[in-house]
Amino acid sequence: MRLKELRKKRKISQLKLAMDLNMNQNSISRYENGEREADYATLIKFADYFKVSIDYLLGRTNNPKMNE
């Protein structure tokens, strides 16, 4: 998942992302390190937050645009 890449590109800390999405920082860390897989609702939260498609977030495409 490209979560860490997107977060760092926008210079957002794990804590800020967690607070913005009403999650805990430990969960963000686990998603980024592959220790935990995001469920569908969480994938939508991440994709909406970063304004990218879920396919881009999951590395299935290199096109970050939604609905294309």
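Biologist: In which helix is Thr42 found?
Modeller: In this predicted model, Thr42 counts as buried, at 10% relative accessibility. Its place in the chain falls within residues 40–50, and the helix formed by these residues is H4.

Biologist: Which residue has a side chain joined to that of Thr42 by a polar contact?
Modeller: Leaving out residues up to four places away in sequence, Thr42 touches Met23 and Tyr31. The polar contact between side chains has a length of 2.7 Å, and the partner of Thr42 in it is Asp39.

Biologist: Which residues of helix H3 are buried?
Modeller: Helix H3 covers residues 25–32. Tyr31, which Thr42 touches, belongs to the buried set of this helix.

Biologist: Against which helices do the buried residues of H3 pack?
Modeller: Gln14, in helix H2, is in contact with Ile28, Ser29 and Glu32, among others. Thr42, in H4, touches Tyr31. The helices against which the buried residues of H3 pack are H1, H2 and H4.

Biologist: What is found at the start of H3, and which backbone nitrogen does the side-chain oxygen of Asn24 reach?
Modeller: At the start of H3, a side-chain oxygen of Asn24 comes to within 2.7 Å of a backbone nitrogen. That nitrogen belongs to Asn26.

Biologist: Which residue with a positive phi follows H3?
Modeller: The phi of the residue in question is near 75°, and the residue is Gly34.

Biologist: What distance separates the C-alpha atoms of Gln14 and Ile44?
Modeller: The two residues are 30 residues apart along the chain. The separation of their C-alpha atoms is 17 Å.

Biologist: Where does Asn22 lie, a residue with positive phi that is not a glycine?
Modeller: The phi of Asn22 is about 55°. Asn22 is exposed, with a relative accessible area of 71%. Its place is the loop between H2 and H3.

Biologist: Is Lys51 buried or exposed?
Modeller: Lys51 also has a positive phi, of about 55°, although it is not a glycine. Lys51 is placed in the loop between H4 and helix H5 (54–57). Its relative accessibility is 63%, and the limit for exposure is over 50%, so Lys51 counts as exposed.

Biologist: Which backbone nitrogen does the side chain of Asn63 reach?
Modeller: Asn63 lies in the segment after H5 and counts as partly exposed, at 30% relative accessibility. Asn63 and Ser53 are 10 residues apart in sequence, with their C-alpha atoms 8.2 Å apart in space. The side chain of Asn63 reaches, at 3.1 Å, the backbone nitrogen of Lys65.

Biologist: What radius of gyration does the protein chain have?
Modeller: The protein chain contains five helices and zero strands, in the order α-α-α-α-α along the sequence. The globule rule gives 11 Å for 68 residues, and the value for the chain is close to this, so the chain is as compact as a globular protein of that length. The radius of gyration is 11 Å.

Biologist: What percentage of the accessible surface belongs to carbon and sulfur atoms?
Modeller: Of the 68 residues of the protein chain, 35% count as buried. The accessible surface comes to about 4700 Å², and the part belonging to carbon and sulfur atoms is 43%.

Biologist: How far apart are the mean positions of the positive and negative charges?
Modeller: The C-alpha trace spans about 30 × 20 × 20 Å along its principal axes. The chain has 14 positive and 9 negative charges, and their mean positions are apart by 6 Å.

Conventions: Residues are numbered from 1 along each chain as its sequence is written. This is a predicted model: local features need pLDDT of at least 70, side-chain atom pairs count only at pLDDT 80 or more; totals for chains, interfaces and linings use all residues. Side-chain values use heavy atoms; hydrogens and water are left out. Helices (H or I, at least four residues) and strands (E, at least two) are DSSP runs, numbered from the N terminus. Buried means under 20% relative accessible area, exposed over 50%, partly exposed in between (1.4 Å probe, protein chains only). A polar contact is a pair of N or O atoms within 3.5 Å; within protein, one must be able to donate a hydrogen and the other to accept it, and residues adjacent in sequence count only if both atoms are side-chain atoms. Contact means heavy atoms within 4.5 Å. The radius of gyration is taken over C-alpha atoms; the globule rule is 2.2 Å times the number of residues to the power 0.38. Accessible areas come from the Shrake-Rupley method with a 1.4 Å probe; for residues, only the protein chains shown count as cover. Lys and Arg count as positive and Asp and Glu as negative; His and the chain ends are not counted. The place of a charge is taken as NZ of Lys, CZ of Arg, CG of Asp or CD of Glu.
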